Amino acid sequence: MKRFLIEALLLFAVCGAATAQFDGAVGTAGCKAIQYNDSRIVDWATNCTVYRGYYDIANNRTLASFGSDTVGIGPATASNTMEAVSLGDSGVAVLTFATPIANGQGPDFAVYENGWGDGFLELAFVEVSSDGQRYVRFPAISNTPTASQVGSFVSNMDPTLINNLAGKYRIGWGTPFDLEELADSTGIDINNITHVRLVDCIGTINPQYCTYDANGNIVNDPYPTAFNTGGFDLTGVAVINQRAQSISMAEMADVKVYPNPCRDFVQLSGMPVGEEYRIYDLSGKSVVIGICPSNSFCISTQDLQKGVYVLKIGRVAKKLVKK
Ligand SMILES: [Ca+2]
Ligand SMILES: [Ca+2]
Ligand SMILES: [Ca+2]
């Protein structure tokens, strides 16, 4: 008993001192990568906007330019490294979805990069939002040593030192993200994630330009990558769990919106009790959000400017005009 206790304490001391290890490359035991054709995937991003970063943030402020924003939409490529959109140093991609992502069993979405090997890992931070305004970042871990710079064309990065950073696996295999990990975050609804934002990690260990993981460690990844293809190269974002579509088209036929055009209020009837409804302006911004308190109720449209709006419940939409 005493010996067991000492061994347990020793084990604890050793584990406590060691760097946390995560799953490894595609093909190794316990790998969590999700292949582009995995049967769990139910959808892909339907819109992508890229804000390019630099060839080399410290020396060449030409913006990366490879690939168009639309490459981030739809399924990720299996193996064509040219089917990617490059973010450049500190570049950003914002992706949206026809149906919001929700927290279900296991990973809820996966991010794909064009890495040509298991040890050349261009990384990006991953953030989610329920309104496109407030974002929460997954707690990224990079335990890659920072004594020397990971170079431009390395092939020996160790994925077991990396967690919650997109780009951890080679092309065709996505990095999974589980919204459950953000359950305690404020300002987002993990069952209604409308936006995924990717932020290139840069990868330099130069304190002037470096980025940090959740523990305050510098994220060391291939740098410099002073090309039009520099930085994280997005090939797609897959949805695994999405918001339930609890209202059918048949039910929606009963929904009535009147008067339409409206002035100070609009009456909604035939609505599904307890479901969320939203009114969007034509820029896609939600201007009214609520939960149906009963199947017939009235909402104020007094504060809306004159124009055309869209009322959405689930994936069904009705046009609404404010006079
Ligand atoms: Ca989940
Ligand atoms: Ca790449
Ligand atoms: Ca980099």
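## Strand 15 and its partners

In this predicted model, strand 2 (residues 43-44) pairs antiparallel with strand 15 through 2 bridges. Pairing requires at least two DSSP bridges between the strands. Strands are DSSP runs of E, at least two residues, and helices are runs of H or I, at least four; both are numbered from the N terminus. W44 has A238 as its bridge partner in strand 15.

Strand 6 (residues 85-86) is also joined to strand 15 by 2 bridges, again antiparallel. Strand 8 (residues 109-113) runs antiparallel to strand 15 over 5 bridges. E113 has L234 as its bridge partner.

How many residues of strand 15 are buried? Of its 7 residues (233-239), 7 are buried, so strand 15 is largely enclosed by the rest of the structure. Buried means 20 or more other C-beta atoms within 10 Å of the residue's own; exposed means 12 or fewer, partly exposed lies in between, and C-beta atoms are placed from the backbone.

An open antiparallel sheet holds 5 strands in the order 3-7-14-9-10. Strand 3 (47-51) and strand 10 (135-137) are the edges; each has a single partner strand, so one side of each lacks a neighbour in the sheet. The twist averages 25° from one strand to the next. Axes are lines fitted to C-alpha atoms, for helices over the stretch in contact, with angles from 0 to 180 degrees between N-to-C directions.

Inside this order, strand 9 (residues 124-129) and strand 14 (residues 193-200) run antiparallel, joined by 6 bridges. E127 pairs with R197 of strand 14.

A second open sheet has 3 strands, ordered 16-17-20, with antiparallel pairing. Its edges are strand 16 (256-258) and strand 20 (296-300); each has a single partner strand, so one side of each has no neighbour in the sheet. Neighbouring strands are turned by 20° on average, direction ignored.

Strand 16 and strand 17 (residues 265-269) share 3 bridges and run antiparallel. Y258 stands opposite Q267.

## Domains and confidence

The domain assignment, automatic or from a database, gives domain 1 (18-239) and domain 2 (249-322). Their C-alpha centres lie 36 Å apart.

Mean pLDDT, the predictor's per-residue confidence from 0 to 100, is 90 for the protein chain, and 90% of the residues score at least 70. Residues 8-18 stay under 50 and have 0 contacts beyond four places in sequence. A contact means C-beta atoms, placed from the backbone, within 7 Å.

## Conventions

Residues are numbered from 1 along each chain as its sequence is written, and chains are lettered from A and ligands numbered from 1 in the order written. In this predicted model, local features need pLDDT of at least 70 and side-chain atom pairs count only at pLDDT 80 or more, while totals for chains, interfaces and linings use all residues.

Notes: Contact = placed C-beta atoms within 7 Å.
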